[in-house]
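Me: I'd like to learn how to read a fold from its coordinates. Could you walk me through one?

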Amino acid sequence: MARHKKIQTEAQEDPEMNISSMIDCCFLLLIYFLVATSLVSEKKLDISIPASTQSASSQKPPVDPGRILLRADGSATWNGDMTVAEVYNPDAKPGTSEYRSQRELEQLVEQLKNYKDLASSVQAEPVVMLTGAPTAPHQRIVDIMAALAEAGIKSVGISTADPDAN
Amino acid sequence: MAKKNARANDEVNGNVNLSPMIDCCFLLLIFFVVNATQITVAKDPSVKMPSAVSCSDLKDANGCIVVNVFSDVEKMPPEALKKYNKAYPANTLWGVADANGKTIGYTEGQVQDLTDFIKKQKESLKGKGMEDGKIRLYLRGDMAAPWERSSTAIRCAAAAGVTNIVFGTLPSK
């Protein structure tokens with residue numbers, strides 16, 4: 001009787017699976033992904049380059065593309081005559097009004113929105129040509145791209161001519 | 001007989017019930033697996049990202065060909081210089097990571113090599129069934145890098161047939 005009972009209790013305990021190694025693995029993976037996932041996630045700005053076939057076609061676009069000229073000092077003009085960005089100051093402190101006015105190119109956004117409305121009134125896709133000086137800082141380009149994104153323009157042609165050269 | 005039974009019960013109660021902890025653990029694991037984007041490997045920590053006023057979240061990193069654009073090494077701040085990959089050749093302007101996670105640095109004279117790399121990446125993405133429109137150039141330019149370098153990378157991408165460009169930024173403070 002006693003022997004029979006002992007065998008039965010052993011048989012009841014045996015089916016338990018040892019999951020400690022699985023927990024170890026699981027924790028290891030958890031720590032890996034915790035470290036690999038950076039806390040400050042990068043954001044993005046989308047643009048697309050107009051296909052080269054567009055410029056090759058003989059048909060004239062219904063509206064002229066908007067032109068943004070970026071100089072080496074970070075100042076920018078819209079359609080050749082209107083200054084839309086001041087000289088870039090890389091030392092402006094975040095949070096100050098100077099920083100905000102430097103980065104938020106309100107005048108440019110307004111012009112771009114007007115241009116987009118003009119293009120959509122004739123059912124044309126708004127296209128902007130961006131000409132940047134080779135030595136202009138990348139930050140300024142991103143500021144302009146942000147203004148384009150705010151205005152909802154995605155098609156941006158990139159010209160390599162130097163606006164300071166002439 | 002009854003005593004024996006009670007002892008057996010005690011032994012069973014002594015075990016800690018691990019299943020809720022495992023549940024939680026798995027939940028966290030799945031959360032981080034989903035959040036970790038594939039482009040983590042190609043992100044170069046020495047690139048000081050520019051900030052943008054209006055930018056959106058990068059929801060899908062699939063189809064992104066990452067190109068890091070560096071500023072001049074001598075102008076890099078000390079904390080960025082510490083993270084700079086010393087394996088890159090001198091005067092590296094563009095840094096990429098291939099499919100195996102191996103980093104490659106390209107200098108000014110290797111523009112054609114960069115174009116070939118983007119072309120190769122594009123072909124391999126296409127081979128995996130990625131649509132043409134979803135293949136994008138993810139440009140991680142340093143905020144102080146001259147525009148010439150970024151525009152050259154964009155031109156390389158255009159030559160390789162990638163016309164969608166994504167500018168990597170940080171949210172503005």
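**Reading chain B**

Reply: Let's start with contacts, where two residues count if their C-beta atoms, placed from the backbone, lie within 7 Å. Among contacts in chain B between residues at least 6 apart in sequence, 74% join residues at least 24 apart. Keep in mind that this is a predicted model, where local features need pLDDT of at least 70 and side-chain atom pairs count only at pLDDT 80 or more, while totals for chains, interfaces and linings use all residues. Residues are numbered from 1 along each chain as its sequence is written, and chains are lettered from A and ligands numbered from 1 in the order in which they are written.

Me: How many helices and strands does the secondary structure of chain B come to?

Reply: Elements here are DSSP runs numbered from the N terminus: helices are H or I with at least four residues, strands are E with at least two. Chain B has five helices and seven strands. From the N terminus, the order reads α-α-β-β-β-α-β-β-α-β-α-β.

Me: What percentage of the residues in chain B is buried?

Reply: Count neighbours: a residue is buried if 20 or more other C-beta atoms lie within 10 Å of its own, exposed if 12 or fewer, and partly exposed in between, again with C-beta atoms placed from the backbone. By that count, buried residues are 33% of the 173 in chain B.

Me: Which residues of strand 6 of chain B point one way, and which the other?

Reply: R136(B), Y138(B) and R140(B) point one way, L137(B), L139(B) and G141(B) the other, and all are buried. With six of its six residues buried, strand 6 (residues 136-141) of chain B is therefore largely enclosed by the rest of the structure.

Me: And which strands sit beside it?

Reply: Look for pairing, which takes at least two DSSP bridges between two strands. Strand 3 of chain B pairs with strand 6 of chain B in the parallel sense over six bridges, with N68(B) opposite R140(B). Strand 7 of chain B also runs parallel to strand 6 of chain B, joined by four bridges; there L139(B) faces F167(B).

Me: How many residues of chain B are in contact with chain A?

Reply: 45 residues of chain B are in contact with 41 residues of chain A. Helix 2 (19-35), strand 2 (56-57), helix 5 and strand 7 (164-171) of chain B each give two or more residues to that side.
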